[in-house]
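This briefing covers a ligand site and a set of paired strands. Please keep the sequence and the structure in view while reading.

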Amino acid sequence: MNIDTTSPVNSPRRPIRELPDTLISQIAAGEVVERPASVVRELVDNALDAGASQITVRLLAGGVRLISVEDDGAGILPEELPMALKRHATSKIGSLADLESVGTMGFRGEALAAINAIADCALLSRVSGQAHAYLLEGQTGEISPVARSTGTTVEVKELFFSTPARRKFLKTDATELAHCVEAVRRHALARPDVGFAIWHEGKPVEQWRRCGALDHLPALEQRLADVLGSDFVERSVWVDFSTSATPGRPDYAPVIKVWGRAGIPDAARARSDQQFCYVNGRFVRDKVISHAARSAYEDVLHGQRQPVYALYITLDPTRVDVNVHPTKIEVRFRDSREVHQAVRHAVESALAAPRAGHATQDNAAVVDKPVAPAQVSDWGQSAMRFPDPVGHRVSDMEALWTVPPPPIAAPQPAHDWPLGRALAQLKGVYILAENAQGLVIVDMHAAHERIVYERLKAQWSQTQGTASLPSQPLLIPATFAATTFEVATAEANAATLHLLGLDVTPFSEKTLAVRAVPSTLAQGDAVELARSVLAELCRHEASTVVQRAHNELLGTMACHGAVRANRQLTLEEMNALLRQMEATERSDQCNHGRPTWRPISLRALDTLFMRGR
Ligand SMILES: Nc1ncnc2c1ncn2[C@@H]1O[C@H](COP(=O)(O)OP(=O)(O)O)[C@@H](O)[C@H]1O
Ligand SMILES: [Mg+2]
């Protein structure tokens with residue numbers, strides 16, 4: 001057989017050769033530069049590393065024709081300009097030790113070389129104290145003096161001009177522009193101390209003025225409002241949490257700090273497009289962090305809803321490896337569990353703070369500081385008997401509330417109660433109440449569900465999963481016609497049901513009997529409760545269900561144990577519910593993430609009726 005050794009393509013063995021430099025950079029560019037926004041990200045990184053306080057990004061045709069990033073940072077010396085475009089040339093690290101604790105955005109010395117290999121680049125820079133700025137033309141390597149103030153401008157023209165296949169993948173200018181803006185937005189959220197401006201086709205697109213250091217909360221709040229909209233700030237709460245040092249472990253970098261703002265459940269979106277996470281100032285996409293954040297919402301946000309947040313995590317740089325991905329958007333934690341726990345705890349406790357205490361705005365869920373329950377539950381100790389609203393049995397509500405409601409006859413300082421004094425019930429669904437600001441509307445089922453749920457959870461954590469929930473036997477067992485499936489599930493899960501405070505046993509081949517229910521749900525519909533728990537148990541692997549899905553289960557139980565719509569409540573019952581809400585964690589949302597109450601201020605009512613105009 002004849003082998004054509006002249007054609008490298010058909011040859012079974014080809015000589016090993018070093019790749020030309022330009023080709024190496026083009027290959028590297030494939031990793032770093034996917035679209036114009038990738039260039040914007042790298043150039044803004046560089047400007048920040050140079051200590052810029054104002055960064056201006058100018059774009060033409062979504063960045064494909066021109067990306068220019070101008071900064072007022074330290075600049076580059078003329079003799080170093082050619083180095084900036086060389087592969088693996090960087091001023092930021094010099095040793096492996098530096099790499100392990102890198103504090104700058106860049107360090108690979110790759111970006112400018114890569115970009116220069118796939119676009120027409122120019123560098124203009126002036127170091128302070130020098131007479132001139134200098135311009136380096138990337139294609140020719142020529143350097144000439146030009147006029148410019150201290151700082152650097154990098155111009156990138158005709159991106160992918162040498163790799164047309166790549167260019168074909170680009171979307172419309174508008175889409176590429178949106179990606180570029182998003183890239184700057186990610187930087188801007190971490191650097192309120194730097195001003196940013198974006199121009200497209202000569203028109204201003206975004207302008208975020210500098211407002212102060214990241215750890216200065218008003219500055220961060222201002223920047224978040226500027227970049228994400230005031231809605232984001234209004235519908236989020238502060239997160240601020242640090243882990244403490246571990247005694248006796250000197251090698252252990254003590255503190256993980258997690259701060260920022262987490263959206264209230266009501267602000268959640270269908271897409272995860274408002275989730276910003278930073279590790280030591282670097283925007284990252286990280287499964288550990290996003291999982292931890294999402295799990296902090298598992299109680300208040302069911303289904304596919306995506307929470308919004310901007311979270312800043314700082315930890316010792318040696319505990320995180322940023323050199324995992326060419327674009328450095330991924331990181332690796334030395335101990336991902338501690339990060340997970342810190343983030344989850346930080347967000348969870350921020351969300352748990354009862355916010356009903358600050359019903360001062362039209363959207364009263366928007367409040368910063370939690371109100372201690374003691375502040376709102378000071379209504380004396382005299383226990384209260386409810387009159388039977390329907391006339392034939394003791395109120396459902398009475399059994400559910402351990403905290404006595406205020407005596408209705410006493411003069412009520414309505415303004416002292418964030419959720420106000422109950423006025424009436426509307427359509428058997430809503431409670432109308434009056435507080436100092438105006439009207440409060442409460443979804444009574446949603447609110448009660450949350451209260452019952454939080455109580456079940458508290459009881460559950462007291463049992464620590466080993467003993468069972470406090471249970472109450474029924475005087476007369478409630479029997480119901482069950483499917484063979486339900487009977488089998490009840491038999492197979494007797495132990496699990498017992499843990500949950502339920503006793504559901506076969507009565508006959510086709511009948512189940514409920515003999516005991518959790519005492520918290522004693523007044524609910526026992527049959528409906530049993531049915532829903534059995535259905536839940538069917539869905540999961542029986543033996544592990546309680547550990548893995550106990551919150552879900554307790555949620556199901558709460559939903560069925562809570563007062564249903566169309567139940568007539570007395571004013572006393574309504575007031576008791578309001579007081580209970582004020583003292584309950586997370587009472588702003590039912591455990592499906594729906595709001596439990598809404599305020600309508602007097603001002604809003606006046607506007608409605610055009611009063612005072
Ligand atoms: N805007 C800028 N201001 C000052 N120096 C810059 C700027 N952009 C790039 N440089 C210099 O060029 C070098 C190479 O940049 P780059 O290729 O992005 O690599 P890296 O950022 O990883 O060091 C940097 O290390 C820095 O010294
Ligand atoms: Mg860089």
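The notes below treat the ligand site and then the strand pairing.

The model is predicted, so local features need pLDDT of at least 70 and side-chain atom pairs count only at pLDDT 80 or more, while totals for chains, interfaces and linings use all residues. Residues are numbered from 1 along each chain as its sequence is written, chains are lettered from A and ligands numbered from 1 in the order in which they are written, and side-chain values use heavy atoms, with hydrogens and water left out.

**Ligand site**

- Ligand 1 is surrounded by 19 residues, a residue being near if one of its heavy atoms lies within 4 Å; the closest are D71, T90, S91, K92 and G109.
- The shell comprises 8 nonpolar, 7 polar and 4 charged residues (Ala, Val, Leu, Ile, Met, Phe, Trp, Tyr, Cys and Pro count as nonpolar, Asp, Glu, Lys and Arg as charged, and the others, Gly among them, as polar).
- At least two residues of this shell come from each of α2 (36–49) and α5 (111–118); helices (H or I, at least four residues) and strands (E, at least two) are DSSP runs, numbered from the N terminus.
- Oxygen atoms of ligand 1 lie 2.8 Å from a polar side-chain atom of N46, 2.9 Å from a backbone N or O atom of L112 and 3.3 Å from a backbone N or O atom of A111.
- Taken alone, ligand 1 exposes 530 Å², of which the protein buries 92% (Shrake-Rupley method, 1.4 Å probe).

**Strand pairing**

- Strands β1 (residues 54–60) and β7 run parallel and pair over 6 bridges, where pairing requires at least two DSSP bridges between two strands; T56 has A197 of β7 as its bridge partner.
- β1 also pairs with β2 (residues 66–71), in the antiparallel sense and over 6 bridges, and V57 has V69 of β2 as its bridge partner.
- The hairpin of β1 and β2 has 5 residues between the strands, and A61 there takes a positive phi near 50°.
- β7 (residues 195–200) is joined to antiparallel β8 (residues 203–208) by 5 bridges, with I198 opposite E206 in β8.
- Between β7 and β8 the hairpin has 2 residues, and E201 takes a positive phi near 50°.

Note on methods:
Polar contact = N/O pair within 3.5 Å; in protein donor to acceptor, adjacent residues only side chain to side chain.
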